[in-house]
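User: I would like to go through this model and ask, for each label, what value it rests on.

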Amino acid sequence: MENKFLAHIAEDGRERTVFEHLAGAASLAAEFSRPFGGEAQGLLAGTAHDIGKYSAAFQRRLTGDSRRVDHATAGAFECMGRGQPFAAFAVAGHHGGLPDGGGRGDGPEAATFWGRINRAGRGGLEPYGAWAREVSLLGGQTPPFVKQNPGAGMFFTRMLYSCLVDADFLDTEAFMSGKPYGSCSGCWKRRRLPSGHSDVPRPPSKPTERDSPHAESCRSLPGERGLKPRCWQSRRLRRRSLPLTEGIRV
């Protein structure tokens, strides 16, 4: 198919498009975020998180180019452009962890959140504009409690980030393993993106304890030919020991 943008290639040669992955991850992220009122933000973050894969550079990486491609900053930049800092932080950190916010004046060479956003604003990312032909980013309504104080917003960002990472991992794992999607004791529902896109697949029928939503922050290695996703850095969120002010300054 002409102009097909891939997110993953499985060991057996099966392909999954970026659109298919975004649809699946967005559905899961929205579902995971629903209990704390963040469903709309989860949907936005899940839809935006990998739009940077709509670039020729990332497509070359899938077929053997070893050069690293920053695909996470693209989605964060698009979220910020829509006035959505919570989703932007979650998207920016969905592989490397929530970044230090830094300051709005950070230069494009800085590794902070604002450094990355400014780099994107100055054209420092690989062109990824093809995403707009397939994907619609709808503004995510935030739950009322996040406006109570800065700490509430920071906590919400961490919760949203956890939901996105779990959703990304689960959707990728299901595809790479070739396991069919199914119901999970009736708790998963088949959903459509609000923009009217096609149905998205269901999550794995038997998720492991390791993969349970919000339990752990897992990093996968998606998109590499011949490699199955694996949790290379898994840890439980330290609810009491991790200061809310660490790493996030919006």
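User: How many helices and strands does the protein have?

Analyst: The model is a predicted one. The protein has seven helices and four strands. Along the sequence they follow the pattern β-β-α-α-α-α-α-α-α-β-β.

User: What share of the residues in the protein is buried?

Analyst: Buried residues make up 54% of the 250 residues. Of the contacts with a separation of 6 or more, 66% are accounted for by residues 24 or more positions apart.

User: Why is Cys79 called buried?

Analyst: Cys79 has a relative accessible area of 0%. The cut-off for buried is under 20%, so Cys79 is buried. Cys163 also counts as buried, at 0% relative accessibility.

User: What makes H4 largely enclosed by the rest of the structure?

Analyst: H4 covers residues 72-81, and eight of its ten residues are buried, so the helix is largely enclosed. The buried residues are Ala72, Thr73, Ala74, Gly75, Ala76, Glu78, Cys79 and Met80. They pack against helix H2 (39-48), helix H5 (85-92) and helix H6 (113-121). After H4 comes Gly83, with a positive phi near 70 degrees.

User: How do you know that H5 is mostly covered, and what covers it?

Analyst: Eight of the eight residues of H5 are buried. These are Pro85, Phe86, Ala87, Ala88, Phe89, Ala90, Val91 and Ala92. What covers them includes H2, H4, H6 and helix H7 (150-177).

User: Why are H1 and H2 called roughly antiparallel?

Analyst: Helix H1 (residues 18-33) and H2 pack at an angle of about 155 degrees, with their axes 7 Å apart. Angles over 145 degrees count as roughly antiparallel, and H1 and H2 are therefore given that label. Their crossing is right-handed.

User: Which residues of H1 and H2 meet?

Analyst: From H1 the residues are Leu22, Ala25, Ala26, Ala29, Ala30 and Ser33, and from H2 they are Glu39, Gly42, Leu43, Gly46 and Thr47. By class, this contact has six nonpolar, four polar and one charged.

User: At what angle do H1 and H7 cross, and what is that arrangement called?

Analyst: The axes of H1 and H7 cross at roughly 135 degrees and come within 8 Å. That angle makes H1 oblique to H7, because roughly antiparallel needs an angle over 145 degrees and roughly perpendicular runs from 65 to 115. The crossing of H1 and H7 is right-handed.

User: Which residues form the contact of H1 with H7?

Analyst: In H1 they are His21, Gly24, Ala25, Leu28, Ala29, Phe32 and Ser33. They meet Leu160, Cys163, Leu164, Asp166, Ala167, Asp168, Leu170, Asp171 and Thr172 in H7. The residues of this contact divide into nine nonpolar, four polar and three charged.

User: What is the angle between H2 and H5, and what label follows from it?

Analyst: H2 and H5 pack at about 40 degrees, with their axes 9 Å apart. That makes H2 oblique to H5, because roughly parallel is kept for angles under 35 degrees. H2 passes H5 in a right-handed crossing. In this contact Gln41, Leu44, Ala45 and Ala48 of H2 meet Phe86, Ala87 and Val91 of H5. The classes are six nonpolar, one polar and no charged residues.

User: Is Val165 buried or exposed?

Analyst: Val165 lies in helix H7. At 1% relative accessibility Val165 counts as buried, because the cut-off is under 20%. Val165 and Val91 are 74 residues apart in sequence, and their C-alpha atoms are 8.9 Å apart in space.

User: Why does Gly178 count as partly exposed?

Analyst: Gly178 has a relative accessibility of 45%. Buried is under 20% and exposed is over 50%, with partly exposed in between, so Gly178 counts as partly exposed. Gly178 lies in the loop between H7 and strand E3 (216-217). Gly178 and Ala10 are 168 residues apart in sequence and 8.5 Å apart in space, C-alpha to C-alpha.

Conventions. Residues numbered from 1 in each chain as written. Predicted model: local features only at pLDDT ≥ 70, side-chain atom pairs only at ≥ 80, totals over all residues. Heavy atoms only, no water. Buried < 20%, exposed > 50% of the residue type's maximum accessible area, 1.4 Å probe, protein only. Helix = DSSP H or I, 4+ residues; strand = E, 2+ residues; numbered from the N terminus. Contact = heavy atoms within 4.5 Å. Axes fitted to C-alpha atoms, helices over the stretch in contact; angles between N-to-C directions. Left-handed = near helix turned anticlockwise from the far one by under 90°. Nonpolar A, V, L, I, M, F, W, Y, C, P; charged D, E, K, R; others polar.
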